[in-house]
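Here are some exercises to work through with the model open beside you. Try each task before you read its solution.

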Amino acid sequence: MNFSIRQLEIFLSVAKHQSVSKAADQLCLSQSAASASLQNLEKSYGVNLFDRHGNKIKLNAIGHTLRKEAETLFAHCQQFDDALRRHADIGHLRVGASFTIGNHLVVRYLADYLNNYPEADVQFDTANTPDIVAKVLNYEVDVGMIEREVQHRELELIPWKEDELVVFCSASHPLAKKGVLKDKDIKEARWILREPDSGARHTFDRALAGLLPDIEIYREFKHNEAIKSAVESGLGIGCLSKVVLQNDFRNGDLVPLTLANRDMTRTFYFALPKQRHKKAAVEYWVELCSRAE
């Protein structure tokens with residue numbers, strides 16, 4: 001072989017960051033050492049893995065194809081290294097979850113996971129659905145947990161659980177005693193919603209597609225708690241996952257509203273790269289979350 005594991009690691013880091021300097025910082029190397037290692041790898045095989053324009057570097061078509069093989073090979077090397085050092089899989093795991101899942105569901109499964117992998121380092125990263133998908137495809141997390149279906153040829157989606165969005169208002173809002181909202185109520189209300197790229201907003205827009213041009217979207221927030229606070233203070237009515245709202249309904253701080261003949265259901269998914277080396281920790285995490293209530 002004309003390459004080293006270190007060269008493989010440098011190639012993958014540069015591919016991830018699209019920057020030699022950032023890769024060098026991550027790997028505690030000088031920029032010149034990282035650049036020389038990458039150039040030696042390309043020279044050894046007479047192939048260019050990146051397109052270079054001045055100080056900018058970008059993975060080309062050949063590099064993109066070989067990156068998948070490199071990710072698999074490097075994962076094997078890391079597992080072998082772990083086995084030599086610890087003689088067992090210790091279960092390190094990086095989970096990327098969209099905000100609703102990450103803030104309200106993921107932590108429920110952590111205790112059971114750590115019972116099985118007591119020495120594991122489990123890292124959680126929360127973002128909106130498109131950002132989590134990007135992290136999955138860039139191998140920045142081992143498994144993603146997202147709130148809607150996303151089509152991508154390099155992405156594998158595994159259905160996880162069903163969820164439902166609920167429209168709600170404050171207990172003092174004029175609609176609180178009405179219960180069921182008609183189209184007229186929907187169009188006259190001021191709406192406090194999640195940002196357009198979020199899974200919750202995607203489901204809302206689908207359910208009210210015919211009325212969207214007539215709906216007043218008064219405010220948009222990236223976080224569920226901001227929406228709940230705005231609705232509770234009387235700024236408008238909102239729409240979030242029932243997972244987020246259950247305690248507020250129980251306490252009477254917020255009141256659920258029904259939209260007649262509107263489908264507010266959706267599916268949560270696990271998101272994984274199609275080209276990947278199977279990892280026992282990921283398989284166990286998916287199984288654990290799937291069997292939990």
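**Exercise 1: Helix 11 and its surroundings**

Task: find which elements the buried residues of helix 11 pack against.

Solution. The buried residues of helix 11 make contact (heavy atoms within 4.5 Å) with helix 5 (99-104), strand 6 (155-170), helix 10 (224-232), strand 10 (237-241) and strand 11 (254-259). Helices (H or I, at least four residues) and strands (E, at least two) are DSSP runs, numbered from the N terminus. Before going on, note that this is a predicted model, in which local features need pLDDT of at least 70 and side-chain atom pairs count only at pLDDT 80 or more, while totals for chains, interfaces and linings use all residues. Residues are numbered from 1 along each chain as its sequence is written, and side-chain values use heavy atoms, with hydrogens and water left out.

Next, pick out the residues themselves: Val243, Val244, Leu245 and Asp248 of helix 11 (residues 242-251) are buried. Buried stands for under 20% relative accessible area, exposed for over 50%, and partly exposed for values in between (1.4 Å probe, protein chains only). Finally, look just past the end of helix 11, where Gly252 has a positive phi of about 80°.

**Exercise 2: The neighbourhood of Ser241**

Task: describe where Ser241 lies and what its side chain reaches.

Solution. Start with location: Ser241 belongs to strand 10. With 1% relative accessibility, Ser241 counts as buried. Then follow the side chain to the start of helix 11, where an oxygen of Ser241 comes to within 3.1 Å of the backbone nitrogen of Val243. Ser241 also has a side-chain polar contact of 2.9 Å with Asp163. A polar contact is a pair of N or O atoms within 3.5 Å; within protein, one must be able to donate a hydrogen and the other to accept it, and residues adjacent in sequence count only if both atoms are side-chain atoms. Leaving out residues up to four places away in sequence, Ser241 touches Thr100, Asp163, Glu164, Leu165 and Arg266.

**Exercise 3: Aromatic pairs**

Task: count the aromatic pairs and classify two of them.

Solution. Apply the rule: rings of Phe, Tyr and Trp (its six-membered ring) pair if their centres lie within 6.5 Å; planes under 30 degrees apart count as stacked, over 60 as edge-to-face and the rest as tilted. The count comes to 11 aromatic pairs. Phe11 and Phe50 have ring centres 5.9 Å apart and planes at 70°, so this pair is edge-to-face. Since Phe11 is in helix 1 (residues 5-17) and Phe50 in strand 1 (residues 50-53), the pair ties together parts 39 residues apart in sequence. Both Phe11 and Phe50 are buried.

Now turn to Tyr113 and Tyr284, a tilted pair with 5.9 Å centre to centre and 45° between the planes. Tyr113 sits in helix 6 (residues 110-116) and Tyr284 in helix 12 (residues 280-291), 171 residues apart. Both Tyr113 and Tyr284 are buried.

**Exercise 4: Nonpolar cores**

Task: which residues have the most contacts inside the largest nonpolar core?

Solution. Define the core as a set of buried Ala, Val, Leu, Ile, Met, Phe, Trp, Tyr and Cys residues joined through side-chain atoms within 4.5 Å. The largest one has 25 residues, and Ile101, Tyr113, Val143, Met145, Trp160 and Trp285 have the most contacts inside it. Helix 12 gives the most to this core, with seven residues. A second, separate core has 22 residues, including Leu175, Ala200, Ala207 and Ile237.
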